[in-house]
Amino acid sequence: MDPQADAAAVLGADPAALTALLADLTSPANEARSRAEQQFHALRGSHPDALALSLAHLLLSPAHPSAPIAAVLLRRLIAPSSQAFVYPALSAATQSSLRALLLSAASAPALPRSVCRKLSDAVAELASFLLPANAWPDLLHFLYKSIDSSSSPPGLQESALNILARLASHLAAVFPNLHGLLLAALSHPSSADVRVAGLNAAISLIQSLPSAGARNQFQDLLPAMMRALAESLNCGNEGSAQEALEMMVELAGAEPRFLRRQLPDVVASMLQIAEAPGLEDGTRHLAVEFVVTLAEARERAPGMMRKLPWYVGRLFAVLMTMLLDVQDEPAWHAAVSEEEDAGETGSYIFAQECLDRLAIAVGGNTILPVAAELLPSFFSSEDWKRRHAALVMIAQIAEGSAKVMIKNLEQVVGMVLNSFQDPHPRVRWAAINAVGQLSTDLGPELQNQLHHVVLPALASAMDDVQSPRVQATILNFSENCRPDILTPYLDGIVGKLLLLLQTGNQMVQEAALTALASAADSSQEHFQKYYDAVMPYLKAILMNATDKSNRMLRAKSMECISLVGMAVGKQKFKDDAKQVMEVLMTLQGSQMEADDPITSYMLQAWARLCKCLGQDFLPYMSVVMPPLLQSAQLKPDVSVTSAGPEDENGESDDEGVETITLGDKRIGIRTSLLEEKATACNMLCCYADELKEGFFPWIDQVTTTLVPLLKFYFHEEVRKAAVSAMSELLRSAKLAIEKGQAQGRDKSYLKQLSDYIVPALVEAMHKEPEPQICASILESLNESIQISGTLLEENQVRSVVEGIKEVIVASSTRRIERTERAKAEDFDSEEEELLREENEQEDEIFDQVGDCLGTLAKTFKTYFLPFFDELSMYLTPMLGKDKTSEERRIAICIFDDVAEHCREAAVRYYDTYLPSLLEACASENPDVRQAAVYGIGICAEFGGSAFRPHTGDALSRLYNVIKHPNALDLDNAMAYDNAVSALGKICQFHHDSIDASQVLPAWLSCLPIKNDLIEAKLVHEQLCAMLEKSERELLGHNNQYLPKIVSVFAEVPIAVS
C-alpha cells in the first residue's frame, strides 16, 4: 500500500482507521502489535502535525474506547523527556490548536478517571516545556478558573490540582491566592478525590519553595491536610487515603521540619492509623512508613523525633504485632529451598525491615529500653508466635543498637540461647538465626567473650534431627572468630557438619557447606587436621551434583573447596586443586542458564584458587579471563518509565528489578546483572594483585574495561573494584617490564598506561558522590603516583593538585554543613555521635590527601614547590585551633614532607609553618604531637640559619613532650621517640647554639628509643657519629656518661630488631 494513502486513511476524517491502529498497538498478538508500532513510528516521522491533532481530537470524546491509549501516545509526542518528542517540529498553527484541544478535552464533563489522569500528565509535560518561556498563558487562566470556581465539577478541580502539583516549581511564584485555593480544595465539602488532589498540590508546592520562611507561610494548611486524609479513611475510601499517605511520606523525607510545629499531632494521627486493625495492610504500612521516614530524616531534622519519646513505644508495639502475622506452614518444615519463606506474610517482612531501619535511625539508647520492656511478656507467652517475634526483633535491631548491646552481651545472648530448647521448631530456628545475626553485628566482641556458651549451643542444635529446617540454619558465628578461639571446638563441629553433609536434605547440606567454609576460613592452617576427612565429600558433591535442582548445592561446594584450599595452603591442597580446576574448566566451557548461581560462585572460586596457588595458577588464566571480562563488561539493564499514578507502566513485579522514582520518572535496574558485574570487577582486581607481573598479558583488556567503570554510578561495588584495580594494573606493568616479562614493552608502555589511568582517577575524584569512595580514589591515585614516579608530566601533576583542591573544598563544605546541623533546635548527644562518625570519614579523606601530596613532594622534590605555594591557602587554615586534630595533623605532615624532601628550598615556608609546629607540641592528641616534633627535627636538620632563632623555643617544647609524666604510655610512645630524635638533631646540627653540656646528657638519658624503629635506627646512627667526633660533652667529665653509652649499645640490637 502507498505510504501517503496509508497515512491519509489513518489520519483522515473517519476515525475508524486510527481507532483500529490504536487497538493493534495494545494487541496481545506480537505480529499485529509490531506492525502497528512500525506504522505509528512512520506516521510520527512523516505526518507529526496530523498525528498529534488526530490523537487530540479523540480525547474530545472521552468515552471513546481508544481515548486512554490516545492520551498516553499524545503525551509521548509532547513530553520533552520522551524520545518521541515532536512538539518543537510542529507548525505554529498546529501547536496553537493542540494547546486549545488539550484544555478543551480537560474541561469535558464526566471525564473518565483513566483518561483524566493521563490527560493531566500530558498537559503537565507540555507545560513544563512551555512555561519557562511563558509560552502558554491560557493554561494559568484555565487552572485558576477550574480550581477557584465553585461551579467547577469535582473531576475538573481534581484534574487542575494534579496539573498544578506537577508544575509547582514553575507556578509557585506566579499563581494568585495559592494559599486560599489549596485550603478550599483541602476542605472540599463533597469530594474526597479533590481533597487528596489538594493535598498532593500542597505537598508539591511546599517542596518546591526555596526557603523555610516561604514554606512556613503554608504551615496552617497542615491540619487541613491531615483532615483530608482522615476523611478519606472515615468514608472508607482507602485508595484515596493511600495516595494521600504516599504524599505525606514524600513530605516527611523531603521537608521534615515543615511538620515540626505540629509534630505530636501528626505523628499521633499516623500511629492511630497504624494501630487500626480494621484498615487494609497497605494503609497501615504507609502510616508506619511515614513515622519511620521521619525518624530517618536525621540530616534534615537532627534530633527532632527524639523529642517525642512516646512514639517509639507505640510504633514498636505496632511492628511487634505485625511480626505475629506469620503462619506455621507445613512447607516450611520440609526444608525445601523453594519454600524458604513459607508462612511469612507481607506485614511480617515489612515489620522486619522497619525494625532494622528504626534501630539504625534512633540508636540503641532509645530503642533498647522499649524492647526490654516488651521482651519478658513475649518470651514467657504460650503462643509460639510471640516467642518467635521476640527473637526476630532482637536480630533486626542488633545493627542499630550494637554499641549498647555490646555492653549487655551476656543478658542479650542469654535470652536468645534459652530459646534453643523451645518446643516449637520455628522458635528454635529464630533463636539460631538471631545468634547468627548477633555474631555479625556484635562481633568480634560476642565471639571473644561468649564463645564458651554459644559454640556448644550451636553444635547441639545440629543434632535437631526432628527439624531439618532448624539444622539448616547457617552457622556464621565463626565469621568473626579468631583461630585460637575456634580451634578447640573444631573436632565436634566438623564431625557434626560431615554428618549433615550425608543427610538427604539439600537445604541442610547447603547450610553444612556454608558452615564448613566459614569454619575453614576462620581457623586457617588449623583446618589442615580435617582436610583429609572433609575434601573427599566436597569433591564428591562437586562432581556428582549435576542435576538442575542441585545447582546451588554444587555452587556451595565450589565456595567451600576454594575456602578450604586457601585455609590449608598450597602444599596441602595442590593435588586436589588440579582435579577441582579440571571440573571448573569443563563447567566454564558449558552453556549455563542466565540465572544459574554457579556462574557467580565460580568467578569467586577461581579467584580464591588463584590466591592459594599464586603463580602456579597462570596456566588457567586463558580459561578464566574471557568469561570474567564478559561479566565485567555487562551493560546495566535499565528501564525508564513514567511514574504517573495510573500509568500503564507500574511497579515491576520482577524481584530481580529494583525501582527508584526520580521526579516523574521510574527507573528500573536489574540488580542481578549488577551483582555479577561487581563480582567480576572485584575478581579482576584480585588477579592483578595476586599475579603481579604474571597478569601482564591481560592488562590492556582489563584497563579498557575498568577505567570507564570508575564513573559507573549504578553500583558502588563496581566503582570500588575499578578504583582498587588501577594501581594494581600499573604495578603489574612495572614489574613485568623490570623482570623482562613484558613481551618486549619498555617504560614507554608504562607511561602510556599511566597517562590513561592517572587522569581517569582525577576525573573520577571530581565527580565521586560518596566520600568513602573518594578516599579510596585518593589512595589509588597515591599508589599510582608512587609507581609512575617522574613519568608524570607537569600538566598531570597540576590536574592532580587541582583535583585535591576541589576535594579539600568539598570536604570543608560538608563539615560546615554539619556544624550548621549542630545548631538545630533539637540537636542532641545521639546526633552529636552521628556527626562525629561522619566527620571521621572526612578525616580519612584528608589523610589520603596528605599521603598524596607527600608522595608528590617525595617524587618531584623542588619541582613540586610551585604547587605547594598554591596549596598553602588551603592548608594553612587547617592549622587553626578550630580545626579537628586530624586536620591539624595532616597539614603538619604535608609540611613535614615538603621540608624533608625539598630541604633548603623549603626554608622559605618556616615562618608560616614552624610556629604552628611548636605550638602543636603541646597538643593533647599524640598523633599531632608526633607530627609536630618530627617536623621540628626535619627543620633542625635542613634549616640551617633559618632554624637557629627557633632553637631555644624548640628545646623547651621538646623537653615538655619528653618529660611529660605519661610520655612513655603506649599512646604517647611514638611522639616521645620522635621528640628524642628531634632533640638529637638539634644537638648534631645546632651544637653551637645550645648549651651542649646540658642538652647532650639530657638526650643521652632518653636512649635507647624502642617504639618508632625508623627513628630508633637514625638516633643510634647519630650516637655513633657523635662518638666518632669524640664529642666531649657526650662522654662527660672523666667519661662519666660512658657506662650509659655502653648500656645503650647493649640494648640497641633489641630495640631495632
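Me: Into which domains is the protein chain divided?

Reply: Domain bounds come from an automatic or database domain assignment. Here the protein chain is divided into domain 1 (501-587 + 597-627) and domain 2 (683-792). The C-alpha centres of domain 1 and domain 2 lie 30 Å apart. This is a predicted model, in which local features need pLDDT of at least 70 and side-chain atom pairs count only at pLDDT 80 or more, while totals for chains, interfaces and linings use all residues. Residues are numbered from 1 along each chain as its sequence is written, and side-chain values use heavy atoms, with hydrogens and water left out.

Me: How many residues of domain 1 are in contact with domain 2, and what area do the two domains bury between them?

Reply: Contact means heavy atoms within 4.5 Å. By that rule, 14 residues of domain 1 touch 11 residues of domain 2. Buried area is the accessible area (1.4 Å probe) that two parts lose on being put together, summed over both. For domain 1 and domain 2 the value is about 1,100 Å², with 75% of it on carbon and sulfur atoms. Lys611, Met621 and Met625 supply 42% of the area that domain 1 buries against domain 2, more than any other three residues.

Me: Which side chains meet in a salt bridge?

Reply: A salt bridge is a side-chain nitrogen of Lys or Arg within 4 Å of a carboxyl oxygen of Asp or Glu. Between domain 1 and domain 2 the count is one salt bridge. The side chains of lysine 611 and glutamate 690 form a salt bridge at 3.9 Å, N to O.

Me: Which helices each supply at least two residues of the side of domain 1 that touches domain 2?

Reply: Helices are DSSP runs (H or I, at least four residues), as are strands (E, at least two), numbered from the N terminus. The helices in question are α34 (598-613) and α35 (621-632). The largest share of this side of domain 1, six residues, comes from α34. In the protein chain as a whole, the secondary structure comes to 52 helices and three strands.

Me: Which residues of helix α45 are buried?

Reply: Buried means under 20% relative accessible area, exposed over 50%, and partly exposed in between (1.4 Å probe, protein chains only). Of the 1057 residues of the protein chain, 54% count as buried. In α45 (residues 910-920), the buried residues are Tyr910, Tyr913, Leu914, Ser916, Leu917, Leu918 and Ala920. Their cover includes α43 (865-875), α44 (885-902), α46 (926-942) and α47 (951-963).
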